[in-house]
Amino acid sequence: MNIITEKETNGRVIDGIATILNLSDEDFNICIEKLIPREGKGLEDIYFYYTTDLCECPENEPQLGLETIYDNDKFVGRAYFGVSKTSIHDIFYQFSELLPKFEKFSKGYERIERLLKTRDIEALKKSKITEKTDKELLDRVFQILTDDNILKKFINFEDNKEEFAINAEERQLAEYLRELGKVFGNVDSKGELKNRQIHNCFYIPKLQECTDRYLQILNTYNMDRYINPMYEFRNFNSLTYVGDCIIRQNEEPEWTVNQELKTAVYKGFPEDGTLEEKAMHIYCSLCKELQYDDGYFYRDELKDSKYNFEFSKENLESIIPNSRITCWDFSRVFSKMINELEGDIEAVIISRGMNQGHFLAGFYTDKVSATVEAINSRSNSTNDLMKAKHGIKFEGIEIISDREGLIEKALDKVYSKIYDKEQIGINEYVEQLKLIPKEDIPNNLQKKFEAFTEVMKTNKIFGNEAMQTFNLYYKTGFLEKN
């Protein structure tokens, strides 16, 4: 919506505001209609121009006030070159400052009141942002954001559930958090709110106070699971991959994890542990029990090997300890086992890339969000399936949100119980290999291969994990020169 002023008097915004307040009744009503949020439509912005600004169609007559762009499908505007955008919030703040200067019930007073109502809290509740929201729930959300006492109770939701019932019906914390996230969004890496739509497109008095209260909620609850339900995290760079796919538990076809694999994975399972400990136990155990599929790794050379990611109940249900699996298989098995746990925890399968792309899994609880990628190639082209067999610290667990460090604590706790050793960094592992006394290694290439093979057999390390290990040995000078 372009507002055209004849000449500069008090600056572009102030002059533009004065022009709006002096529009004809007909144009002012059109202006109000354009500003009212409409279901399914974008919000109208206001741009302030002077007749003296450069334009693409100088042959068209300049129009003062509300510019008409088209008349009977004919372009009659002047297509002014863009000016710096001023947010609705800032423009409407100026209106609110002007309001007391007008006599109550005067034309100017009534016009400002009408303008302010087009982008107030009630307008926000009717906007596209909240079009699918339970309106009574939304009312309660704004009570939380505008009242410190209600906020205090909300921060301790479990102790105050009855306070947040609506029409005597108990509402879940997740319902509130989902709506709060929808309105205010998440914070970026600098700790600033990323969803600026409410700040730029609406005028809500004491908005900063609402924002400060919302940040308290962000620091209390794991909002990622409600704001980013598709697991679209900032560490995924859309410029480097295409064809993302998310599979949730209710979209997964019916299948059952093989009982033999379950028995192995649930050995020593922390029944009384936290959900984070249970998730880390499942991850550690799967990395220990499963092998990476060599055929898939070398698929470019093995032209006859066919790999695809179509669901195969038979294949998934045949996976047992020591089975050879792909990233696709691992992600499905991990997600399936997580989603079978009792409690507030959920996992999804995530793909990066199209067709034969890469797969990982994501999971969240009420306190954490993370992705797990057992088949990765972080340090020295080693993945977590290989690291699991050597007691090397995992690198495939990407923490998205974990303010209390629960995943790290859980991993430390279950790792030593599953592997009977403390995890060490890969650099430390390599240094330990370098310390092997050279005189204890036969100065014969065949003997070295035999010694290496024996170590792998003793530790039950086969296939691709053995090749990753061999690569590390090679880099430490275990083999003869050249």
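## An exposed glycine

Gly 82 counts as exposed, with a relative accessibility of 69%. This glycine sits in the loop that runs between strand 5 (74-75) and helix 3 (88-98). From C-alpha to C-alpha, Gly 82 is 9.4 Å from Asp 53, and 29 residues separate the two in sequence. These values, like the others in this report, come from a predicted model.

## Overall make-up

The protein has 482 residues, and 50% of them count as buried. Its secondary structure consists of 21 helices and 12 strands.

The accessible surface is about 25700 Å², and carbon and sulfur atoms account for 47% of that area. When contacts between residues at least 6 apart in sequence are considered, 67% of them link residues at least 24 apart.

## Cysteines

A search of the whole structure gives 0 disulfides. Cys 55 is in no disulfide, and the nearest cysteine sulfur belongs to Cys 57, 6.9 Å away.

Cys 55 is buried, at a relative accessible area of 14%. Cys 210 is buried as well, with a relative accessibility of 3%.

## Salt bridges within a helix

Lys 125 and Glu 122 form a salt bridge whose closest N and O atoms are 3.1 Å apart. Both residues are in helix 5 (residues 121-125), and because they are 3 residues apart, about one helical turn separates them. Lys 125 counts as buried at 10% relative accessibility, whereas Glu 122 counts as partly exposed at 42%.

Another salt bridge joins Glu 209 and Arg 213, with the closest N and O atoms 3.9 Å apart. The two residues are 4 apart in helix 10 (residues 207-218), or about one turn of the helix. Here Glu 209 is partly exposed, with 38% relative accessibility, and Arg 213 is buried, with 9%. Elsewhere, salt bridges with shared partners link Asp 25, Lys 107 and Arg 111 in one network.

Notes
Residues are numbered from 1 along each chain as its sequence is written. This is a predicted model: local features need pLDDT of at least 70, side-chain atom pairs count only at pLDDT 80 or more; totals for chains, interfaces and linings use all residues. Side-chain values use heavy atoms; hydrogens and water are left out. Buried means under 20% relative accessible area, exposed over 50%, partly exposed in between (1.4 Å probe, protein chains only). Contact means heavy atoms within 4.5 Å. Accessible areas come from the Shrake-Rupley method with a 1.4 Å probe; for residues, only the protein chains shown count as cover. A disulfide is a pair of cysteine sulfur atoms within 2.5 Å. A salt bridge is a side-chain nitrogen of Lys or Arg within 4 Å of a carboxyl oxygen of Asp or Glu.
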